[in-house]
Amino acid sequence: MTDLGPTTVAAPPTPSLKAGAGASRPARIALGVLTRIGWLLVVVWAAVSLTFILSRVVPADPARLAAGLQAGPEQVAEVRALLGLDQPLLKQYIDYLGGIATLDFGDSIQTRGPVLDDLLKALPATLELVLVAFTIYAIVGITLGVLWAVRPRGILSRLIGFGTIIGAAVPVFWLGLVLQVFLASKLGWFPISGRMNYNDFGVADVTGFTTIDALLAGNLSAFGDALWHLVLPVTALVASQLAVATRLMRTSMAQQLRRPYVRVARARGSSELRVVVVDALRNALNPVVTMLGMQFGWLLAGTILVEVVFSWPGLGLYAFNAFRTFDYNPILAITIVTTVTFVVVNELVGLIYPILDPRLKEDR
Amino acid sequence: MSDVLTVRNLTVRYPNAPRPSVQGVSFTVPARGSVALVGESGSGKSTTALAVTRLLDPAVEVTADEVSFEGRDLLRMGKKELRALRRGGLGMVFQDPRASWNPARTIERQLLDGLRGAERAERRERLVARMRRIGLDDPERRMRDYPHHFSGGMLQRALLAGVLVHEPRLLIADEPTSALDTTVQAELLALIGQLRTEQGLSMLLISHDLGVVARMSDHVLVLYAGRIAEQGPTSTVLAQPQHPYTRDLLAAIPRLHGPRKVPLQVGRVAEARTEGCPYAGRCRFATDRCRTETPAPRRVGGTEVACHLAPLPDAKAA
């Protein structure tokens, strides 16, 4: 009775249902969900506070930047009062937290509009980019990793090994620029930058996701154009992270293929495909799923560089411009949005474990 | 053609290994017969079984003059034919029952993977009948459970049922009971024995437990460092061992009564010599000849033994 199940790199989190032992099942699930949401709020609060402190500690004066370089001392003071920056730090902090609770992130110095409006415009663009990249990243990474583990000495495996090292070594913005110069500018195969233009195709902006809006409008040429714009940024984003998923998948899969139950399945006369895909892969995915949750955060961070290179009007580009001009309200808001997305994605990933490992489903 | 399994001059070498794990091993398993491979860890007994059934990694080098199952060449057999054989004539049971099951899939799904032909419902029916015979209560429901709901003994029984449903002619059992506690072990051995007589099954048993070997086999091969030290009818080998290693193995069995016997000499198979007799380093009788010249198998008494010194002066003295 020693070794139970897949030896995994990272142990999947046990569902936090302990608190309500003895209560009915739905009650315990509800309690578990509430606990999770509570933790999510704590994480967001910590991230916001940290960013707030950092934004006030750095040796830059937002009032000075907002007022403009030609402004005199009185004008700067006026702007400072207008922005509330002359208040005590604690009061600024409390006001800020209060604003967030009502989704008021303040105004952007740069766009001179509410940050919330900017976010709602930019977020779909980034989510579209990241979700497409993440899906491709997961599928390609898992596939390559499995192939590598199954035929470790094959030519394909050598290519994968070499390719992932190159991909990991090349900076994402450099790869983006190279793709842009060769495939877009010289060969003209792909658009150089930007997203599908809603006006050009007469498609209504409903969700902010160009692909979905094009499909909603039933406009296939618009859908094609939306995809076409996605190819290069997605490629740059995926290539930069691909080594992580591929290598972990290979290691985990190779580990499973050495386990006795694989030999038993072969001895039973299962086909090799079945042994790899049905038997070993399911157990091997466990640590990879954990890692994919984390990787989502890295892809999100990677969008800053990719969006700048490809002028993709999303959160990354917005963040870049905010950083450059020390526009602190957008910076804080982007931190919150990124944190929430990251935590939520990892919570969703947690739901996959019981599907992969039946032992986690049980509460007997 | 009355032999089910024939192995002649089998040699197995792992990549980068200093010496072959199995060297020049030959034996046959006659129809309805039971042959045992014994030896301590690293003696090459499991490797022999895995090589014969083609379950070793392709990087491992396997050579032999002959490895055949019912006259069919196992080493040169195509993948399809091999799979058909594993789903038919050739059944295997392994050491650790818990590790033998995929923790993420139900018992039923795993066993059905190996079953061919007929409808799924009919295949399931056959499996259920088997499960009932090996003593699983309420098999229809229990088969939908996952391995972690079962005891080790029951997992091994279920594995056996999954193998026997193919109606194999040869069962290869690699330490089938060594991970189980003594009572469960006795039950499982009795079950295997019973099924063997009922189905006319031949068996290749791999074990380090001489008690199990005495009970379950009629011919035994004692392996040391990948070579056959001694082989012969089980009763003869165990009663009148001719090889010093066989004697040491027998003497190492702990007994409740009587004086303590000479324990097995300190040392491990991994340190076995590459020239001369592989056992010379641990042998109490070793001479200079043993250290330089590899002994060839000779017929001495009722057994075939690879030792320069056989017959040993006083068998009882050991």
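Me: How is the expected span of a helix worked out?
Reply: The expected span is 1.5 Å times one less than the number of residues. This is a predicted model. Take helix 4 of chain B, residues 120-133. Its 14 residues should span 20 Å at 1.5 Å a residue, and the end C-alpha atoms are 20 Å apart, so the two agree.

Me: Which residues of helix 4 of chain B are buried?
Reply: Leu127(B), Arg130(B) and Met131(B) are buried. They cover an arc of only 100° around the axis, so they sit on the same side of helix 4 of chain B.

Me: What covers the buried residues of helix 4 of chain B?
Reply: The cover includes three helices of chain B: helix 3 (107-113), helix 5 (139-142) and helix 6 (152-164). Now turn to the face pointing away from the buried side. There you find the exposed residues Ala121(B), Glu122(B) and Ala129(B).

Me: What follows helix 4 of chain B?
Reply: Gly135(B) follows, with a positive phi near 100°.

Me: How are two packed helices described?
Reply: By the angle between their axes and the distance between the axes. In chain A, look at helix 7 (residues 172-186) and helix 12 (residues 272-309). Their axes come within 9 Å and cross at roughly 30°. Angles under 35 degrees count as roughly parallel, so helix 7 of chain A is roughly parallel to helix 12 of chain A. The crossing of helix 7 past helix 12 in chain A is right-handed.

Me: Which residues make the contact?
Reply: Helix 7 of chain A supplies Val172(A), Phe173(A), Gly176(A), Leu177(A) and Gln180(A). Helix 12 of chain A supplies Gly302(A), Leu305(A), Val306(A) and Val309(A).

Notes
Residues numbered from 1 in each chain as written. Chains lettered and ligands numbered in written order. Predicted model: local features only at pLDDT ≥ 70, side-chain atom pairs only at ≥ 80, totals over all residues. Helix = DSSP H or I, 4+ residues; strand = E, 2+ residues; numbered from the N terminus. Buried ≥ 20, exposed ≤ 12 C-beta atoms within 10 Å, placed from the backbone. Arc of directions from axis to C-beta. Contact = placed C-beta atoms within 7 Å. Axes fitted to C-alpha atoms, helices over the stretch in contact; angles between N-to-C directions. Parallel < 35°, antiparallel > 145°, perpendicular 65-115°, else oblique. Left-handed = near helix turned anticlockwise from the far one by under 90°.
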